[in-house]
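Here is a short tour for someone meeting this model for the first time. Have a look at the sequence and the 3D view, then read on.

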Amino acid sequence: MHILLVYCTIKPDQLDAFLAATLENASNSRKEAGVVRFDVIQEKDNPAKVTLIEIYRSPEGHAAHRESAHYLAWADKVQDMFAEPRSRTVYRNVSPSDQEW
């Protein structure tokens with residue numbers, strides 16, 4: 001598995017538009033063959049902080065996602081909504097095993 005947590009801090013006046021665009025992207029992403037999970041979570045105490053939990057079957061699945069029409073549309077739509085540059089951490093799977101997904 002190829003696992004990413006993408007950390008986003010959104011301008012407060014852009015939050016609703018960001019969430020709408022991100023939920024559309026997430027919904028379409030879940031239909032991709034290389035995607036295992038694509039979750040959107042939001043901090044309770046600071047709603048401007050949104051994290052994307054992206055789990056792909058392989059790095060190639062992630063690369064294919066970044067070339068998809070819905071991702072490219074999302075990236076264009078949200079590019080000016082960030083209060084600071086987004087960051088990410090890449091993880092490897094430990095448990096459950098890749099075969100158990």
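Is Lys77 buried, partly exposed or exposed? Lys77 is partly exposed, with a relative accessible area of 47%. For the cut-offs, buried means under 20% relative accessible area, exposed means over 50%, and partly exposed is in between (1.4 Å probe, protein chains only).

Before going further, a word on the ground rules. This is a predicted model, where local features need pLDDT of at least 70, side-chain atom pairs count only at pLDDT 80 or more, and totals for chains, interfaces and linings use all residues. Residues are numbered from 1 along each chain as its sequence is written, and side-chain values use heavy atoms, with hydrogens and water left out.

Lys77 sits in helix α3. Helices (H or I, at least four residues) and strands (E, at least two) are DSSP runs, numbered from the N terminus. Leaving aside residues up to four places away in sequence, Lys77 touches Ala21 and Glu24; contact means heavy atoms within 4.5 Å. Phe18 is 59 residues from Lys77 along the chain, yet their C-alpha atoms are separated by 8.3 Å.

Now for the rest of α3, which spans residues 69-78: His70, Tyr71, Trp74 and Val78 are buried there. Seen down the helix axis, the buried residues of α3 fall within an arc of 100°, so they line one face of the helix. That arc is taken from the directions from the helix axis to the C-beta atoms. On the other side of α3, Ala69 and Asp76 are exposed. The buried residues of α3 pack against α1 (15-29), β3 (49-56), α2 (59-66) and β4 (82-91).

How do α1 and α3 sit together? They pack at an angle of about 170°, with their axes 9 Å apart. Axes here are lines fitted to C-alpha atoms, for helices over the stretch in contact, and angles run from 0 to 180 degrees between N-to-C directions. On the α1 side, the contact includes Phe18, Ala21 and Asn25, while the α3 side includes Tyr71 and Trp74.

**The sheet**

Four strands form an open sheet in the order β2-β3-β1-β4, with antiparallel pairing. Two strands pair if DSSP finds at least two bridges between them. At the edges stand β2 (35-42) and β4, each with a single partner strand, so one side of each is left without a neighbour in the sheet. Neighbouring strands are turned by 15° against each other on average, direction ignored. Helix α1 packs on this sheet and touches β1, β2, β3 and β4.

| Strand pair | Bridges | Sense |
|---|---|---|
| β1 (residues 2-10) and β3 | eight bridges | antiparallel |
| β2 and β3 | seven bridges | antiparallel |

Within these pairs, Val6 has Leu52 in β3 as its bridge partner, and Gln42 stands opposite Val50 in β3. A hairpin of six residues joins β2 to β3.

At 15% relative accessibility, Thr51 counts as buried. Its contacts, not counting residues up to four places away in sequence, are Leu5, Val6, Tyr7, Asp39, Val40 and Ile41.

One more detail: a cis peptide bond joins Ser95 and Pro96, with omega at about 0°. Pro96 lies in the segment after β4. Most peptide bonds are trans.
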